[in-house]
Amino acid sequence: MKALRRFTVRAHLPERLAALGPLSTNLRWSWHAETQDLFRRLDAELWERVRFDPVQMLSDIAPSRLDELADDTAFLIALDQAAAGLEDYLTRPRWYQEQRDGAGRHPAIDLGGGVAYFSMEFGVSEVLPNYSGGLGILAGDHLKAASDLGLPLVGVGLLYRSGYFRQGLTADGWQTEHYPPHDPQGQPLRVLTERGDDPSSPPVLVHVALAGGRILRARVWIAQVGRVPLLLLDSDIPENDADLRRVTDRLYGGDQDHRIKQEILAGVGGVRAVRAYSRAYSRPDPSVFHMNEGHAGFLGLERIRELVDAEGLDFDEALAAVRAATVFTTHTPVPAGIDRFPMDLVRHYFGGHDGGNDSTLLPGVTLDRVVALGKESDPHVFNMAHMGLRLAERANGVSKLHGIVSRDMFNGLWPGFDADEVPIGSVTNGVHAPTWAAPEWFDLARRVAGPELVEEARGWEKLDELAAGEIWEMRHTLRRTLVHEVRRRVRASWLDRGATEAELGWTDSVFDENVLTVGFARRVPTYKRLTLMLRDPERLERMLLDEERPLQLVVAGKSHPADDAGKALIQQIVRFADRHEVRHRIVFLPDYDMSMARYLYWGCDVWLNNPLRPLEACGTSGMKSALNGGLNLSIRDGWWDEMYDGENGWAIPTADGVTDEPRRDDLEAGAMYELLEHSVLPRFYDRDGDGIPERWVEMVRHTLRDLGPKVLASRMVHDYTVGFYGPAASAAARVDADGHAGAREVAAFVRRVESAWPAIAVTEVDGSGLPDTPEIGARLTLTATVRLGDLGVGDVRVQGVVGRAGQDEELTDVVTVDMTHTGSGDGGEIFTADIDLPISGSVGYTVRVLPHHRLLAADADLGLVTAAVG
Ligand SMILES: *Cc1c(COP(=O)(O)O)cnc(C)c1O
């Protein structure tokens with residue numbers, strides 16, 4: 001027996017049923033159908049009533065029923081199996097252990113003390129409503145996949161008393177917001193205490209010094225996500241005054257002052273919570289810190305403070321150590337989407353009480369250094385993304401296209417470099433299959449491909465063995481399930497909007513299980529264009545009501561409470577959908593969340609997405625649909641730009657160059673209607689003799705087989721591990737060895753290079769060997785003389801840059817080749833290279849110098865470069 005844990009839900013379980021405790025509080029149940037089935041067996045009707053929430057279930061179930069089950073041999077066998085299954089899941093070596101121990105494909109990967117993953121929201125399950133949308137769900141999927149892969153990872157965020165908001169509608173279709181408080185005692189959470197699972201140990205209280213001598217305190221809750229602990233800080237405790245208790249009241253509510261307090265708690269307090277967790281459970285401190293978006297960026301400042309305070313490093317040395325170990329992921333493709341604070345607010349919280357430069361919040365750190373980390377073009381603004389990029393040696397966007405957009409958007413931080421050299425990579429988001437694929441698919445997959453497909457995402461090609469009829473039958477089943485859920489929700493929504501039961505008979509025949517079902521569900525910022533489908537309302541209506549080949553459309557999404565323009569878009573849809581003529585074929589379902597989303601991904605035949613390209617950084621809902629055999633009909637933006645292959649769905653042509661937005665909307669809406677009318681609908685309704693739409697089913701099969709393995713969160717976490725966590729962990733180990741000798745060396749290097757750089761010059765460039773009309777492969781011998789001032793040859797990299805010379809002397813299609821030091825001359829050091837031309841025709845070349853240090857990830861890192869002039 002393991003030591004007693006402080007589960008808040010222990011209720012009144014008979015001893016023999018004690019295993020239900022961990023089975024209900026470890027959120028693994030939320031993606032494990034067998035465990036859900038076990039809870040259903042407790043009381044099927046109650047299971048429906050508590051909306052599939054095991055903790056609620058155990059609190060509501062009749063004690064007499066529990067006594068009965070404690071004597072039910074068949075149930076006890078199932079219970080013991082489930083408990084053993086969980087124990088096995090939690091302890092068996094998994095993918096990461098294989099790599100680390102040398103048995104896998106990436107034996108070099110050692111994450112040391114593991115990864116701390118910070119995010120302002122986590123959408124793990126609807127029973128822990130701590131998310132607003134895609135960012136949070138992604139973070140939840142990240143934790144689950146990390147758990148499945150056995151990654152040593154701990155999540156860090158805030159516990160919001162009211163989460164985001166619950167959405168309702170007025171009779172007139174206007175969004176209303178409710179903030180029902182959630183009692184952590186009724187959630188799958190336990191309190192972090194100073195000595196881990198020792199029940200007599202006092203709870204950990206994290207302290208953060210705010211301006212004006214106030215101390216913000218927070219309790220730390222732990223949600224167990226499979227093998228991964230998620231630490232959630234909660235300020236709603238008696239030790240805080242009423243004002244500070246409200247710091248963690250809501251997600252994305254309140255003004256900038258509220259917001260910065262939340263981010264200080266998440267970042268600075270979050271690191272302190274991680275330390276307390278490591279102490280309590282005698283775990284090693286994490287080696288890598290991952291900021292999921294800039295919101296938690298203050299974590300880097302706290303880690304600098306720790307190093308200054310405890311290790312005696314100066315700010316620059318601490319910064320070098322922190323940067324090596326930090327990964328930053330940006331999620332927005334627009335400057336307006338970036339988290340920014342008024343500089344005065346940052347001065348207020350990060351300066352001294354006396355108005356001085358020495359930070360009270362972070363003793364040993366000075367305000368001017370903090371300010372410099374977040375500076376941008378506007379001196380009155382502190383930019384959290386810029387700070388994230390300056391604190392992290394490794395950064396990424398969330399799809400290939402978003403990587404390109406991000407390198408362009410943040411090019412200003414690396415002046416002198418072309419956008420494609422900006423050191424921001426990309427990892428395309430993914431989704432957690434066991435959470436988002438219908439259990440029916442898993443049963444089928446297990447049958448045709450064995451457990452590998454489910455557990456290790458291998459064997460997808462076995463889907464070829466499925467008969468078309470089986471696939472079609474499955475799609476039909478899932479569509480039917482959705483139709484029932486739509487009816488239930490439409491009815492509940494009308495009751496909520498003030499209708500009476502007597503008027504709602506029609507809701508029993510809303511939607512039809514044989515009709516092509518299109519889904520559109522997402523948050524409602526303008527770029528997602530919720531109402532594009534209404535661009536030509538008559539045309540849409542004709543499609544909905546077509547006698548032979550109708551379509552039905554389910555729409556959902558929340559608008560930010562402060563965004564009246566978004567609410568007006570929702571109202572437009574609701575008013576359209578409310579009309580008698582169409583209300584059986586188009587519905588707007590209020591309160592889009594995980595519990596609803598699941599049914600939409602399972603049941604929709606087509607997943608529609610029409611953002612303004614390239615404003616969708618990745619998008620993940622279409623991936624979830626694809627995992628269920630849904631076909632995407634989408635603008636080529638985010639993930640779809642790289643994964644659309646002509647057979648796995650449809651690409652709505654974009655009018656990228658058209659700057660007149662209404663005109664662009666007309667063009668793109670027109671293209672969307674066109675595709676629906678001429679491609680999508682005919683393909684769905686063209687049936688063979690057995691009533692099967694063969695060509696449709698082939699697209700479904702192709703989508704499952706080919707997209708399936710690519711859209712997985714396990715692929716994403718794998719990519720992060722190989723491309724980011726692993727390198728960051730080894731970089732951190734290198735700079736931290738021998739009392740942070742490497743960090744000191746890097747800091748000294750940076751100082752030396754920055755002061756020496758103005759004197760660096762390429763004084764002479766000579767190219768020889770080229771014929772008059774160079775062909776591809778012709779050899780160019782490049783020689784350069786470089787003045788290095790106080791720097792040595794080993795401090796720099798000298799590169800020849802060859803490309804196609806344009807009329808304005810700009811080089812395109814460039815190839816960059818490292819040059820070798822071959823001697824010293826009067827004007828400086830001599831470097832040479834032989835370059836085989838990659839192009840023909842009008843060739844141009846130049847030579848440039850960059851700082852180079854073996855402990856820095858990229859030569860562009862410092863943003864310094866000097867090229868030959870003239
Ligand atoms: C997946 C998901 C999202 C994000 O979808 P996008 O395609 O990124 O807009 C938002 N909300 C819920 C409930 C989801 O499941």
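Which residue stands opposite Val849 in S28? It is Thr866, and I'll come back to that pair in a moment.

Hi everyone, a word on the model before the tour. This is a predicted model, where local features need pLDDT of at least 70 and side-chain atom pairs count only at pLDDT 80 or more, while totals for chains, interfaces and linings use all residues. Residues are numbered from 1 along each chain as its sequence is written, and side-chain values use heavy atoms, with hydrogens and water left out.

Let's start with the layout. The protein chain splits into domain 1 (15–91), domain 2 (95–167 + 176–429 + 726–730), domain 3 (465–676) and domain 4 (760–867); these bounds come from an automatic or database domain assignment. Between the centres of domain 1 and domain 3, taken over C-alpha atoms, there are 35 Å.

Now to the sheet with our opening pair. Strands here are DSSP runs of E with at least two residues, and helices are runs of H or I with at least four, both numbered from the N terminus. Two strands pair if DSSP finds at least two bridges between them. The sheet is open, with 4 strands in the order S24-S23-S27-S28 and antiparallel pairing. S24 and S28 (866–867) are its edge strands, each pairing on one side only. S27 (residues 843–851) and S28 share 2 bridges, and that is where Val849 faces Thr866.

At the other end, S23 (residues 796–805) and S24 (residues 811–818) run antiparallel, joined by 6 bridges. Gly800 has Val817 in S24 as its bridge partner. These two strands form a hairpin with 5 residues between them, and Glu809 in the turn has a positive phi of about 70°.

Next, a helix pair. The axes of H10 (residues 256–280) and H13 (residues 343–350) come within 11 Å and cross at roughly 45°; axes are lines fitted to C-alpha atoms over the stretch in contact, with angles from 0 to 180 degrees between N-to-C directions. So H10 is oblique to H13, given that under 35 degrees counts as roughly parallel, over 145 as roughly antiparallel, 65 to 115 as roughly perpendicular and the rest as oblique. In contact (heavy atoms within 4.5 Å), residues including Ile260 and Ile264 of H10 meet residues including Leu345 and Phe350 of H13.

Most residues other than glycine have a negative phi, and most peptide bonds are trans. Glu293, not a glycine, has a positive phi of about 80°, and the Arg613 to Pro614 peptide bond is cis, with omega near 0°. Thanks, everyone!
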